[in-house]
Amino acid sequence: MPLGLIALALGAFGIGLTEFVIMGLLPEVAADFAVSEATAGWLISGYALSVAVGALVVTAATVRLPRKAVLIGLLLLFIAGNALTAMAPDYAGAMIGRIVAALCHGAFFGIGSVVASELVAPDKKAGAISIMFTGLTAANVLGVPFGTFIGQQFGWRATFWVITVIGVVALIGIAAVVKAPRSADAVVSLRSELSAFRSGQVWLSLVITVLAFGGMFGAFTYVAYTLTGVSGFDTAAVPWLLVLFGVGLVAGNAIGGRLADRSIDRTLLLFIAALVVVLVAFALLAWSQPATMVILVAMGGFGFGTVPALQSRIMQFAGGAPTLASGANIGAFNVGNALGAWAGGVGIAAGLGYTSPIWIGAAITASALVIMVFAASAAHRAHGVPRAEESEVVGV
């Protein structure tokens with residue numbers, strides 16, 4: 001395994017921790033700033049929307065620069081944003097810090113996915129992307145529960161100081177061992193990168209990403225409230241329950257990457273359909289602690305198992321201009337995050353209870369499945385093959 005993949009995974013770990021750890025700390029953050037649960041949730045939605053903007057704007061602005069240098073600059077932005085969050089005097093200050101940190105997120109994963117895929121053989125690209133995203137899943141297994149524990153014991157600000165330090169370590173790792181392939185530093189034009197968006201399948205892939213990931217994220221955003229208010233777990237148990245979700249993320253990411261190297265569309269159809277079933281089961285069985293524990297693993301597994309395939313699909317249909325399309329798909333993940341968090345908050349604010357975000361997430365994910373069936377069918381009709389990755393044509 002190239003050492004560069006490990007370094008990229010380390011950067012992904014820090015960024016993933018920033019994105020997800022606040023979910024387990026929402027009650028503490030809301031109490032500290034004297035805001036409602038739904039308002040505190042906007043620290044998640046605001047981050048996600050900023051990721052979407054940064055994924056396009058930052059990637060487009062840096063498309064002609066050496067990719068390794070860009071990755072280093074993005075981590076510097078990440079460090080600054082988390083330090084600002086940790087020092088925030090009020091809710092607005094915390095939001096500013098979250099936005100600054102978020103601006104690096106989409107471009108890092110978008111550019112990092114391209115670099116990772118070029119470090120391995122062509123038939124191992126999805127697997128290489130899944131290795132980089134292992135850092136993101138490890139953040140959930142190890143980082144989020146530990147970060148939540150630190151926040152509950154020493155205040156939520158302490159968690160963001162720890163994340164800042166992790167960012168510094170990741171920066172050193174990227175600078176020391178990532179060696180982007182020569183092709184990764186080739187000069188490309190913004191016009192050539194924009195050409196990828198002439199593909200209808202690229203646009204369909206973006207929509208699928210928004211809805212598939214948004215459905216899972218909508219259910220997960222308020223999971224701390226579901227676990228304590230519906231399942232009846234003690235608040236102190238939340239960090240360790242998140243470990244179960246994280247175990248699912250790791251397993252799903254690894255399995256999804258391997259399956260996507262065989263068939264991208266079939267993997268997506270299988271995992272998205274399974275995720276719909278899991279979310280419905282969660283909404284129905286959230287009162288049962290044993291069932292909830294099993295479902296948390298399954299939700300993480302099927303939800304994050306789609307990521308390597310979703311990222312590989314859009315890069316495949318983008319053809320020879322994958323960088324901006326890859327960044328756009330990272331943005332799409334976070335538009336989905338924002339959509340899911342907002343929709344779940346609407347359900348809670350409407351007095352529908354703490355299972356309402358799960359039902360809403362299931363509905364959103366079901367719509368992703370419908371569009372995925374259409375996209376796979378359209379690709380088959382256009383190219384005469386059952387798998388998108390078997391064709392070099394990038395149109396619908």
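**Cavities, core and a few residues**

Tutor: Let's start with the second largest cavity, which holds about 40 Å³ of space. This is a predicted model, where local features need pLDDT of at least 70, side-chain atom pairs count only at pLDDT 80 or more, and totals for chains, interfaces and linings use all residues. Residues are numbered from 1 along each chain as its sequence is written, and side-chain values use heavy atoms, with hydrogens and water left out.

Student: What counts as a cavity here, and how is its volume defined?

Tutor: Rolling a probe the size of a water molecule over the atoms shows where empty space is left. On a 1 Å grid over the protein atoms alone, a cavity is a set of points where a 1.4 Å probe fits but cannot get out, and lining residues have an atom within 4 Å of a point. Points are joined across faces, edges and corners, and the volume is the space filled by probe spheres set on them. By this rule there are 2 cavities of 30 Å³ or more.

Student: Which residues line the second largest cavity?

Tutor: Its lining is Thr59, Thr62, Val63, Leu65, Arg67, Val70, Ile111 and Thr323. They divide into 4 nonpolar, 3 polar and 1 charged. Here Ala, Val, Leu, Ile, Met, Phe, Trp, Tyr, Cys and Pro count as nonpolar, Asp, Glu, Lys and Arg as charged, and the others, Gly among them, as polar.

Student: How much space lies in the largest cavity?

Tutor: About 90 Å³. Of its 13 lining residues, Glu19, His105, Leu136, Phe213 and Phe333 are the closest to the centre. At least two lining residues each come from H1 (3–33), H4 (91–117), H5 (125–154) and H14 (322–349), and H14 gives the largest share, 4 residues.

Student: How many helices and strands does the chain have?

Tutor: Helices (H or I, at least four residues) and strands (E, at least two) are DSSP runs, numbered from the N terminus. The protein chain has 15 helices and 0 strands.

Student: And how do I read burial?

Tutor: Buried means under 20% relative accessible area, exposed over 50%, and partly exposed in between (1.4 Å probe, protein chains only). Of the chain's 396 residues, 60% count as buried. Helix H13 (residues 307–318) is mostly covered, with 11 of its 12 residues buried.

Student: Which residues touch the most other members of the largest nonpolar core?

Tutor: In soluble globular proteins, nonpolar side chains tend to be buried together. A nonpolar core is a set of buried Ala, Val, Leu, Ile, Met, Phe, Trp, Tyr and Cys residues joined through side-chain atoms within 4.5 Å. In the largest one, of 122 residues, they are Leu8, Phe108, Phe109, Phe133, Ile174, Phe220 and Met299. H1 gives the most to this core, with 16 residues. Leaving out residues up to four places away in sequence, Phe220 touches Phe20, Met23, Leu242, Phe245 and Met299, where contact means heavy atoms within 4.5 Å.

Student: What is the phi of Ala34?

Tutor: Most residues other than glycine have a negative phi. Ala34 has a positive phi of about 55 degrees, although it is not a glycine. Ala34 lies in the loop between H1 and helix H2 (37–61), and counts as exposed because its relative accessibility is 70%.

Methods:
On a 1 Å grid over the protein atoms alone, a cavity is a set of points where a 1.4 Å probe fits but cannot get out, and a pocket is an open set with protein on both sides within 12 Å along at least five of seven lines; lining residues have an atom within 4 Å of a point.
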